[in-house]
Amino acid sequence: MTADILKNIRVVLCETAHPGNIGAAARALKTMGLGPLLLVAPWRFPDPQADWLAVGAIDVLARARVCASLDEALAGAAFTVACTARSREIAVPMVAAREAAARMVEVARAQPVALVFGSETSGLTAAEVKLCQLLATIPADPEFSSLNVAAAVQVMAYELRIAALGETMPDGKAREHATHEEVERFYEHLERSMLETGFLNPEHPTKLMPRLRRLFSRAQLEKEEVSILRGVIKALSHPKKR
């Protein structure tokens, strides 16, 4: 059961600059038994330096999938977590690595989840963070909280393994979470409807959509709930004439 859970956890590296970090991350995943490695627009891959740092995890590199965008890498994931060292103004909730790992494992019992890391130079962009439902931070020394991306992958992979080893099957049927694509289509539908009805002023959008994203991210929407919400939006946007 533990192995099945861990294989449902994909790790996504965004715009990795040094191929050695890709190799070291692959080794971290293999040592902790995690699932696939996805690379969003890596600067150099394949590369001999990635192979050198993989040290026994060449098979993980061979299966690694290169994606053109983060949206592509998150396709099919029911829960998405971004790993970051700094707090954000963007309305995405943040928790410590251990809590994030526990929440990921809970969903990974039945559906794929994704853990996202940014580039070595600038981390994750605001647009990339927006696509995730939760922020995870490693509680390092505030005097020097910057972790090498491969080291951060190793820490999070360890926390995920510990969470999976201690995981017990809850009573009842597991929740069927909405996938990344389904949630993003819901947000697009919601924003379009608010613009059409005049509730959202395109010239003064403020922070309404980020705040709504935060609200629904906390709920971890299920497939049926997304369908209900989209049905409500449609009904309110186009009420039947009596």
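Student: Which residues of α10 does α9 meet?
Tutor: In this predicted model, local features need pLDDT of at least 70 and side-chain atom pairs count only at pLDDT 80 or more, while totals for chains, interfaces and linings use all residues. Residues are numbered from 1 along each chain as its sequence is written, and side-chain values use heavy atoms, with hydrogens and water left out. Helices are DSSP runs (H or I, at least four residues) numbered from the N terminus, and contact means heavy atoms within 4.5 Å. From α9 come Glu-184, Phe-186, Tyr-187, Leu-190, Glu-191 and Met-194, and they meet, in α10, Leu-208, Met-209, Leu-212, Arg-213, Phe-216 and Ser-217.

Student: How many residues of the contact of α9 with α10 are charged?
Tutor: Asp, Glu, Lys and Arg count as charged; Ala, Val, Leu, Ile, Met, Phe, Trp, Tyr, Cys and Pro as nonpolar; and the others, Gly among them, as polar. In the contact of α9 with α10, eight residues are nonpolar and one is polar, while the charged residues number three.

Student: How are α9 and α10 oriented to each other?
Tutor: Axes are lines fitted to C-alpha atoms over the stretch in contact, with angles from 0 to 180 degrees between N-to-C directions; those of α9 and α10 come within 11 Å and cross at roughly 140 degrees. Angles under 35 degrees count as roughly parallel, over 145 as roughly antiparallel, 65 to 115 as roughly perpendicular and the rest as oblique. The pair α9 and α10 is therefore oblique.

Student: Are α9 and α11 roughly parallel or roughly antiparallel?
Tutor: The axes of α9 and α11 come within 10 Å and cross at roughly 15 degrees, in a left-handed sense. Glu-182, Arg-185, Phe-186, His-189, Leu-190 and Ser-193 of α9 make this contact with Lys-223, Val-226, Leu-229, Arg-230, Ile-233, Lys-234 and Ser-237 of α11. Five of the contact residues are nonpolar, three polar and five charged. Given the angle between them, α9 and α11 are therefore roughly parallel.

Student: Which residues does Ser-193 touch beyond four places in sequence?
Tutor: Ser-193 lies in α9 and is one of the buried residues of that helix. Its relative accessible area is 10%, and buried means under 20%, exposed over 50% and partly exposed in between (1.4 Å probe, protein chains only). Not counting residues up to four places away, Ser-193 touches Ile-233 and Ser-237.

Student: Which helices are included in what covers the buried residues of α9?
Tutor: The buried residues of α9 include His-180, Val-183, Phe-186 and Leu-190. Their cover includes α5 (70–74), α10 (208–219) and α11 (223–237).

Student: How many charged residues are in the contact of α6 with α8?
Tutor: Helix α6 (residues 97–108) packs on α8 at about 55 degrees, the axes being 8 Å apart, which makes the two oblique. Ala-97, Arg-98, Ala-101, Ala-102, Met-104 and Val-105 of α6 meet Met-156, Glu-159, Leu-160, Ala-163 and Ala-164 of α8. By class, the contact has nine nonpolar residues and no polar ones, and its charged residues number two.

Terms used
Left-handed = near helix turned anticlockwise from the far one by under 90°.
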